Amino acid sequence: MKLTVWTYEGPPHVGAMRVATAMKGMHYVLHAPQGDTYADLLFTMIERRNHRPPVTYTTFQARDLGADTAYLFKDAAMAAYERFKPEAMIVGASCTAELIQDDPGGLAETLGLPIPAIPLELPSYQRKENFGADETFFQIVRHLAKPVQKTARITANLIGPTALGFRHRDDITEVTALLSDMGIGVNVVAPFDARPSDIANLGAAHFNVLMYPETAETAARWMERELDLPYTKVVPIGVGATRAFVSEIASITGRNVILDESRLRMPWYSASVDSTYLTGKRVFLFGDGTHVAACARIARDEMGFEVVGMGCYNREQARMLRGVAKEFGLEALITDDYLEVERRIEELAPELILGTQMERHIGKRLGIPCAVISAPVHVQDFPARYSPQMGIEGANVIFDTWVHPLVMGLEEHLLTMFREDFEFHDDAGASHHGHKAKPREVEISEHVETETDTAQSAPVNRGTFEIVWLPAAEKELKKIPFFVRGKAKRNTETFASERGVQEISVDTLYEAKAHYAR
Amino acid sequence: MTERFTPPPSRGCSSTPVLKERGQHEVFCGLTGIIWLHRKMQDAFFLVVGSRTCAHLLQSAAGVMIFAEPRFATAILEETDLAGMADAQQELDRVVSELLERRPDIKQLFLVGSCPSEVIKLDLAKAAERMSAQFAPNVRVLSYSGSGIETTFTQGEDACLAAMVPVLPQTDARELLLVGALPDVVEEQAVGLLEAMGVGPIRILPASRVNDEYGIGPNTLYALTQPFLTETHEALQRRGANHIAAPFPFGEEGTTQWLRAIADQFGVSDAKFAEVTDAPRARATKAVAQASEALRGKSVFFFPDSQLEIPLARFLTRECGMEAVEVGAPFIHRSVMTPDIELLSEGPVIAEGQDVDKQLDRCRAAQPDLTVCGLGLANPLEAEGLTTKWAIELVFTPVHFYEQAGDLAGLFSRPVRRRTLLKMEAAE
């Protein structure tokens, strides 16, 4: 038993959902109780997908457990086939269904469906989301991909991008462009937007670009062995890595290295004098192994930061990341315990955290700026604009993203100079951030009273006369959430002044609320 | 007094045959209630004994709404725990000791059962008893199930409150108990109105701190503020307490009838009742009239979610001028729902349970002006051109009683108004 507050990864069947939801013409029949349908909202809300994930849940209940849950599964699988007519299905169990041992794979086989029904064995009590995605994609490839004739021109598959991935959507565009500049076409992108029929055609490519080892490494190794498809080892995140990536492609394909750097602004931005203040900033990195390894090199070699610590939550990448950390003279923190990460950050007291949404939260609490470099994702990690991490534009995006949470050069100096100024002090935060700087409390004179201590605040002058908030009304106002409190206060005062009401009571507050109700 | 009520419909929905469905349910499990319960009970901690899925659900449900230091956590079962039961109980003791050491501020601990803990029959009631004895008097340990195989969404709160009823002391005092975890601002309004009528003493379940608790007994009168508290209702009945049946306090009408039913039990005169309620009642009517302008004459379709569907359909049809096409609820408990069902005019399909794909077919065929549904369905339906309101917001937003009646109408009218506001065609 392990006490867990927040988790970096979901259960393995969520990984399988990420693969199924990324694909078209694929359906996932999941033996699971009703609550497990929460996972749909990850895709419809966080990623803002405009369709339901292609998942049918059996949603068994306690009363079904006494009877035969196997029938429930068979009925659900049959109904899903008839309704959605997928080209292929994956079938499996969530954590609870794993305990009742109904064997979805075996049950699906007995249905005699005219499409492939691929069984998934995802041990929910041992493994996690990334494993689930990797294993699911591997099983789909293993069942559907066959040796086929290679395309006449040199082509590659882009493998690894899934639903709910960190910037996967835009990385695909960027990597496609890198290949296209070298005269290399894309055969199949998978699982993102791939159909089962595309998976069958993976073998037509000349090599695989393994974009995210977290979700496609097992499939990449299998395809190397069975379909004669070598795969790339360099993940093109950062300027140096992008250059190394095109060299690797050149050596795999025998093509000349071509890299269009006309849009690459990152090196100059980093070299310009304005960036001098970035020098030696102490950074801590945490996330999935792939993004952390790539970002650690960018931090040191391309931004001039000092990397003081790094780690990853996915054990599958532990060995790789330990190697990278050693190269930096560090020891990698391999853990999925958020509290342990928080303790390490507190100890190291970095000036910038490059992490996940969880570290963003830690940073908020500790007052350390944070930029997000990796999943787990949040609705903010799916911006409307083009925002890749890979390739030329990825490097530009990373420069902007990492610099943004920091207080900028000259301002930093001013803050140091005037650190005792009550408005312009170092707790006030960066001026380009939306939040309001908190004035530092100063003891100027006796009649500066804090609002909470007085029953009644100073009268407000609205036009021709003064309006006073009665203590009860003021107390009521404080119950309104802070982000609408200002609006409520202003509306009530306007309402009162229009009516010549000089004392605002609880009734006035609600009269005004009713008046402005929309 | 009574002539000011809109007359009840000539035929309510109480004898409408209910469409009962069994198929895929697109609903949260009862664990979700922890998200609001842990904020309401400030000295309580909720420890889910479950899987990584449970932890991920709580985080994802919370991540959409809040992300503060939580007073909840998950004891994630691992392969070794599934091997033998004795181990699991010992492991639980270890985890709880660890937790209580780190958080000495915890006064009540809820062990919350999940699907896997139910399937392996991990006896949390026994564990709670053992731990209560061990940690008394500093910490009280209770257990309930929030599992998806036994509870749907708001039933988690119901199970939690029901677990608290048996441990309340016995009393013969004639007291009013308001049942349901409401936002503070709303709760204080209700108490304020009732106290102004001279009703009291008033107690609240759940109390915000364990030390604020009170007794219960045959002279206790209780009113439910939420329609999903049926198990709690039964637990209170078993303690001999008396239920004050009324429509739920949504909108001007629901609030007035709810207050009236309580006032009648406490001998409040019509004059006193009018004196206290007239002003806020008029405000509510006015606010609803304004906020519901965009809703008049529009149709609404409810997917099952929180069990608030029937009272809300009553509010939307009777106070906001909407027409209900289908009102789906996960469960319909007549014992508490009858006053609302009787007020809901005959016409809509009343559905209990769910087969989500079939219900989506009906919804698409009906093309309602507004669809009230869960987060998993909202964006897909918007993309198909339907206007939606996420149901979960109705549980997390102050919507009860007079001063929130306008806000409640506003929650429904905002998506309707938004659709008419957005203009993406070429600018002139």
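Reader: What distance separates the centres of domain 1 of chain B and domain 2 of chain B?
Author: In this predicted model, the two centres are 34 Å apart, taken over C-alpha atoms. Domain 1 of chain B comprises 2-25 + 284-421, while domain 2 covers 30-151.

Reader: And which residues have the most contacts inside the largest nonpolar core?
Author: They are Leu285(A) and Leu47(B), in a core of 280 residues.

Reader: What does Leu47(B) touch, not counting residues up to four places away in sequence?
Author: Its partners are Ala73(B), Ala75(B), Val96(B), Leu99(B), Leu109(B), Phe110(B), Leu111(B) and Val112(B).

Reader: Turning to helix H14 of chain B, which residues are buried there?
Author: Val356(B), Gln359(B) and Cys363(B) are buried in this helix, which spans residues 356-366. They lie on the same side of H14(B), because the arc they cover around the axis is only 60°.

Reader: Which exposed residues does the face turned away from the buried side carry?
Author: That face of H14(B) carries Asp361(B) and Ala365(B). The cover over the buried residues includes strands S10 (299-302), S11 (323-329), S12 (349-354) and S13 (370-373) of chain B.

Reader: How many residues does each chain bring to the contact between chain A and chain B?
Author: Chain B brings 63 residues and chain A brings 52. On the chain B side, helix H2 (residues 52-65) gives the most, with 10 residues. That side divides into 33 nonpolar, 16 polar and 14 charged residues.

Reader: How many bridges join strand S1 of chain A to strand S3 of chain B?
Author: There are 3 bridges, and the two strands run antiparallel. Lys2(A) has Ile76(B) as its bridge partner in S3(B).

Note on methods
Residues are numbered from 1 along each chain as its sequence is written. Chains are lettered from A and ligands numbered from 1 in the order in which they are written. This is a predicted model: local features need pLDDT of at least 70, side-chain atom pairs count only at pLDDT 80 or more; totals for chains, interfaces and linings use all residues. Domain bounds come from an automatic or database domain assignment. A nonpolar core is a set of buried Ala, Val, Leu, Ile, Met, Phe, Trp, Tyr and Cys residues joined through C-beta atoms within 7 Å. A residue is buried if 20 or more other C-beta atoms lie within 10 Å of its own, exposed if 12 or fewer, and partly exposed in between; C-beta atoms are placed from the backbone. Two residues are in contact if their C-beta atoms, placed from the backbone, lie within 7 Å. Helices (H or I, at least four residues) and strands (E, at least two) are DSSP runs, numbered from the N terminus. The arc is that of the directions from the helix axis to the C-beta atoms. Ala, Val, Leu, Ile, Met, Phe, Trp, Tyr, Cys and Pro count as nonpolar, Asp, Glu, Lys and Arg as charged, and the others, Gly among them, as polar. Two strands pair if DSSP finds at least two bridges between them.
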